[in-house]
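Here's a quick tour of the charged pairs and the nonpolar packing in this protein. Have the model open as you read.

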Amino acid sequence: LDAEGNFKANIGALAKAGYSVMSIDAFLTGEAAQDRDGVVKAPLNGDRDLIGVSGFTFGYNRSLFAKRVHDVLTAIAFVVENALWDAKKLHLVSLDEEGSLLALAARTQCGEEPKLGKTVAMIGQAEFAKVREMDDPRFVPGAEKYGDVRGLIALCAPAPVMVVGETLAKATMSPAIEAYLAHDAAKHLEVRSKVDGAEVMRWLGE
C-alpha cells in the first residue's frame, strides 16, 4: 500500500483485473523488522572468531535467505490447501530483486503442484556472485558455484516463468534455456530486459 493506504499501481491493476492478491512479510522483513531499522544484515550466531568460514555456521544452520524461502513456501501451501478460498491458480509475482530471488527459489521446490501457475521475477541486476559477506540477506552457500540466478531459473523448468533483468541477455541464459528445451517447454520461459505492468498482466492472463 502507498502512504495513503491505497494499492500501489501494479497491485491495484491485479486487483481490478479480478485477482486476489496476497503479500507476505518474510522472516525479518516488514513489521517484523521495525525494531531493527530494516534487516540490512543477516544475524549470525556462534563464535565471532569462526564466522569467517561459512561452514562453521551454515554447515548446520539455514541462511536467512533459506528461512525466507521457507516462508514463501508456507504461504503457497496456505493458499493451495485452503478449501474456503478454493484458489483456481496461484501466481508468484515479485517486483524487486530480493523478492524475485526468493520467488524463483521457492518455485524450484514446488514441483508439479497443479494449482501453481506462473512466476514473474524482476531480477534487475541481482546476482549471487555479487554477495561478498555472509551476513548479506542473499547469502546462500554454493549459490554461485551451482549456477547463480540462471541455475535457479533452470531448476524451475518446465514451469512458466518470466524473468526480467538487465543482466539476463539470451546469450548468457544457456543453462536455463537448455533445461527448458530438455523439458520441451521452451515457450514457457520468457526472458526480458525490461517490461511494464501491462505486459505482465497480459502474460499472466494468457
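A salt bridge here means a side-chain nitrogen of Lys or Arg within 4 Å of a carboxyl oxygen of Asp or Glu. Glu199 and Arg192 make one, with their closest N and O atoms 3.2 Å apart. Keep in mind that this is a predicted model.

Glu199 is partly exposed at 26% relative accessibility, and Arg192 is partly exposed at 25%.

A search of the whole structure turns up six salt bridges. Three of them are set out below.

| Glu98 | Arg68 | 2.7 Å |

Take Glu98 and Arg68, whose closest N and O atoms are 2.7 Å apart. This pair ties together distant parts of the chain, with Glu98 in helix H4 and Arg68 in helix H3, 30 residues apart. Arg68 is buried, at a relative accessible area of 3%, while Glu98 is partly exposed at 30%.

Now for the nonpolar side. Which residues touch the most other members of the largest nonpolar core? They're Ile76, Leu104, Ile153 and Val163, out of 36 residues in that core. Helix H3 gives the most to this core, with six residues. Beyond its neighbours within four places in sequence, Ile153 is in contact with Leu104, Val163, Met173, Ala176, Tyr180 and Leu189. Apart from this core lies another, of ten residues, including Leu14, Met162, Val195 and Val200.

Definitions and conventions:
Residues numbered from 1 in each chain as written. Predicted model: local features only at pLDDT ≥ 70, side-chain atom pairs only at ≥ 80, totals over all residues. Heavy atoms only, no water. Core = buried A, V, L, I, M, F, W, Y, C linked by side-chain atoms within 4.5 Å. Buried < 20%, exposed > 50% of the residue type's maximum accessible area, 1.4 Å probe, protein only. Helix = DSSP H or I, 4+ residues; strand = E, 2+ residues; numbered from the N terminus. Contact = heavy atoms within 4.5 Å.
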